[in-house]
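Hello,

Here is the model I promised to pass on to you. Have a look at it first, and then read my notes below.

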Amino acid sequence: MDFFLAGLSQVLNVSTIAWMAAGSILGILLGALPGLTATMGIALVMPISFQLPTATGIGLLLAVYCGAVSGASIPAILLGIPGNPNAIATVIDGKKMTDKGLAGQALGGAVIASLIGGTGSLICLIFFSPLIAKATLAFGPAEKTTLALVGLVIIASVSGKSLLKGLFMGAFGMILSFLGADPFSGALRIPFAQYLSQTPFTKGFDLTSSLIGLFGVSQVLYELKNIDKPKEPVKQVEIKNLFPPFKKIRSMWKIILSSLGIGTVVGAIPGTGASIAVFMSLDSARNIINASNGKLEELGTGCLEGVFAPEVANNAVTGGALIPALALGIPGDSATAVLIGALMIKGIAPGYQLFQQNMSLVYAIFITMFIANLFMALFQIAGVRIYPKILKVPGGILFPIVLALSFIGSYAIAGQATSVGIYNMGIAIFMGLIGYVCKKDGYPISPIVLGLILGQMFEENFRRAVKLAAGNYFTFFTKPICLLFILLAILSIVYPIIKKKREK
Amino acid sequence: MFKTRKITPFAFCVFSLVYIFYVVQLGDSRMLGDSIGGDPGGRIIPLVLGIFMFISSFYIWLTDKKVKDENVENKLNTVEKHLLILTIVLSLLYVSTARIFGFILSTSLLIYILTFANLTLGLQKSNLKAFFSGAIISEIILIAVYTAGRKLTRFLLINGRKQLIPAWLGSSVATLLLTILLVSVLFFIFNILINKIFKNKNLFTQVKMSGAISVLTTEFLYLMFKQFFLVELIKGIIYW
């Protein structure tokens, strides 16, 4: 109770509430505007969160995250274009409801579903993350090494079409994380060290600037391909009867529960994300509808069931993805990878230590997550007639602003050090170009982020483990937890290969 | 060879090879105080990763061949290519010249040029006159707005501290809000003036839009990071 009150005191102040409200509105806008993503939004506000107290900063990031995941349903319902891949399944029934003159109910329903998904998965987060974190008490350097390995391999195997490309990008992220000083000897590991030893290069690759480059700059460059394409006209849609009847919502309780479970579990598996969860939830909803003897409407006919299932699931992913992120330091998706980066910048290492030494912050994170979900619902309902107008803003105006914010953001991380700030902006451009090339050629970029985050953890624990075993490299095969993780890593490599062969 | 195979995996292949040589020439670094031994050293993981990257990128290069008409929607037309190159070049210029020109000038120019180019789908010769006049006017407005905002901020902060004005007026939040108010009023006045001076509506909308976006965004970012978060932004030419 003391921790809860301490956490509450960190959150319940004007500054945190105001920043979270702003973050929520910004998130909804980012989610609603096609081409801008939740991860990009978090990466862009990260430099701002860095300047704020920890709980306020995390609250701001979570508000953007929840807002962006939910906001994507607005263009999906009104225009039939998902704001980002999270709302890809909402399009099917959402747009048909709009065509039937039920846009208000679809939008209102999406908000209620998002709120149920977000808060439901938060309850799972509160219940499971301390338990998982406690289990990590038994983890020594060898277990941590294999945990980092399994996190990397899973995200590499599921984040793109090609397993090898995913693994390659993970390795690429890891070697970038090695630039700088050797964690044990302090020796410089940068090219041309004799010339660059007095420059910011010695600090290695700044994580925030890399994330801003990968998700902000690269997205701007990538979206330029759509700049001269005619924009989908935003029709004037009459929005009335915002809330669907309670009786209708109650009749969908099985769909809600199954989507909540799917979203939370899928979110907790590293590398999967909302775009997978939404289709799984639709599939499950279809089975429930078939077994309902006509009590529920058929999917694809413009029904509320088709909006509720994906919207509960994609918001449940937010809480689910935070379970491994907070408990193990392994992000569930690229957005939580950025959140972990934000925690690390603040000097907070996720895992059992966080739960043991900083429990009030953990509670503050849970409370901010709850407030973020409330704000998301509140501001989406309040602005339901305004957001469609914002969809008219052309990308040509937005992209230069995003680019400038990316540069200033990476500069600001350095605080008062001008040369470090300029170096950070250079990293943002470099990673932006890398991200652009990768996106264009079908290389997934989330494994790079994981590599950047887990690279150092992997190397440090690997060396510690081998040292403790007096140079025995087989120490990883002598511990049961390590063997379990290695087995998981092998499975996540072998399974997609077998699946592909079967499909052929 | 490159007609049928993609260039990206080849570039990654070369990069991996260079990385392996770099790791080898870097030498090994051991844990401090590792007299008993057992530390595998700082070279092993980078080396293993480098070799893995080389083999995998080589394999991808061999197998991932170009397919005719593949990714048609990913292919850029002339306008898009032009805008992509312009964005990359301007970004590089922004970073390399930020120290000389300072945050205010370089950020507003970056935003102005890119917004104008995006709205007119490339910087065409016929638009250059409007483009340059718009750039000059928006820079003048920005400097005027910035200077007025700066003077007001200093006045409030200094006099607030000396208690010549009510202390709350000198607080950082009140200063920020009053500066935003002043900047908005000034911007509004300039907007009316420009609308009266320039009557030609043809290209005027894009110029005005680009100018307004650049002035407002730059001023907003300045107020947010410099005044609110106290980040030391580069002053450059505009040293006051």
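I'll start on the surface of chain B. L181(B), V185(B), I189(B), L193(B) and I197(B) together make a nonpolar surface patch of about 470 Å². One of these residues, V185(B), sits in helix 5 of chain B, which covers residues 172-197. With a relative accessible area of 43%, V185(B) is partly exposed, and it qualifies for a patch because patch residues need over 30% relative accessible area. Please keep in mind throughout that this is a predicted model.

Staying with chain B, F52(B) belongs to helix 2, residues 44-63. Its relative accessible area is 30%, so F52(B) is partly exposed.

Next, some backbone angles to look at. L121(B) is not a glycine, yet its phi is positive, at about 55°. You will find L121(B) in the loop that runs between helix 3 (78-119) and helix 4 (128-161) of chain B. L121(B) counts as partly exposed, at 30% relative accessibility. Chain A has a case of its own: A470(A), also a residue other than glycine, has a positive phi near 55°. That residue is in the loop between helix 22 (446-468) and helix 23 (480-503) of chain A. Is A470(A) buried or exposed? A470(A) is exposed, because its relative accessible area of 65% is over the 50% that the term requires.

Now for the salt bridges. Over all chains, a search of the whole structure finds 8 of them. In one, the side chains of E459(A) and R189(A) meet with an N to O distance of 2.7 Å. This pair links distant parts of the chain, with E459(A) in helix 22 of chain A and R189(A) in strand 2 (residues 188-189) of chain A, 270 residues apart. Both ends are covered: E459(A) is buried with a relative accessible area of 0%, and R189(A) is buried with 5%.

Why are E459(A) and R463(A) separated by about one helical turn? Because they are 4 residues apart in helix 22 of chain A. R463(A) is buried, as is E459(A). Salt bridges with shared partners join D182(A), R189(A), E459(A) and R463(A) into one network.

Elsewhere in chain A, K248(A) and E305(A) form a salt bridge whose closest N and O atoms are 2.7 Å apart. K248(A) is in helix 12 (residues 246-251) of chain A and E305(A) in helix 15 of chain A, so this pair ties together parts that are 57 residues apart in sequence. K248(A) and E305(A) are both buried.

That brings me to helix 15 of chain A itself, residues 305-328. Its axis comes within 12 Å of the axis of helix 18 of chain A (residues 359-382), and the two cross at roughly 165°. Angles over 145 degrees count as roughly antiparallel, and helix 15 and helix 18 of chain A are therefore roughly antiparallel to each other. The crossing of these two helices is right-handed.

Best wishes

Technical notes: Residues numbered from 1 in each chain as written. Chains lettered and ligands numbered in written order. Predicted model: local features only at pLDDT ≥ 70, side-chain atom pairs only at ≥ 80, totals over all residues. Heavy atoms only, no water. Patch = residues over 30% accessible without salt bridge, like charges linked within 9 Å, V, L, I, M, F, W, Y side chains within 5 Å. Areas by Shrake-Rupley, 256 points an atom, 1.4 Å probe, with all protein chains shown as cover. Salt bridge = Lys/Arg side-chain N within 4 Å of Asp/Glu carboxyl O. Buried < 20%, exposed > 50% of the residue type's maximum accessible area, 1.4 Å probe, protein only. Axes fitted to C-alpha atoms, helices over the stretch in contact; angles between N-to-C directions. Parallel < 35°, antiparallel > 145°, perpendicular 65-115°, else oblique. Left-handed = near helix turned anticlockwise from the far one by under 90°.
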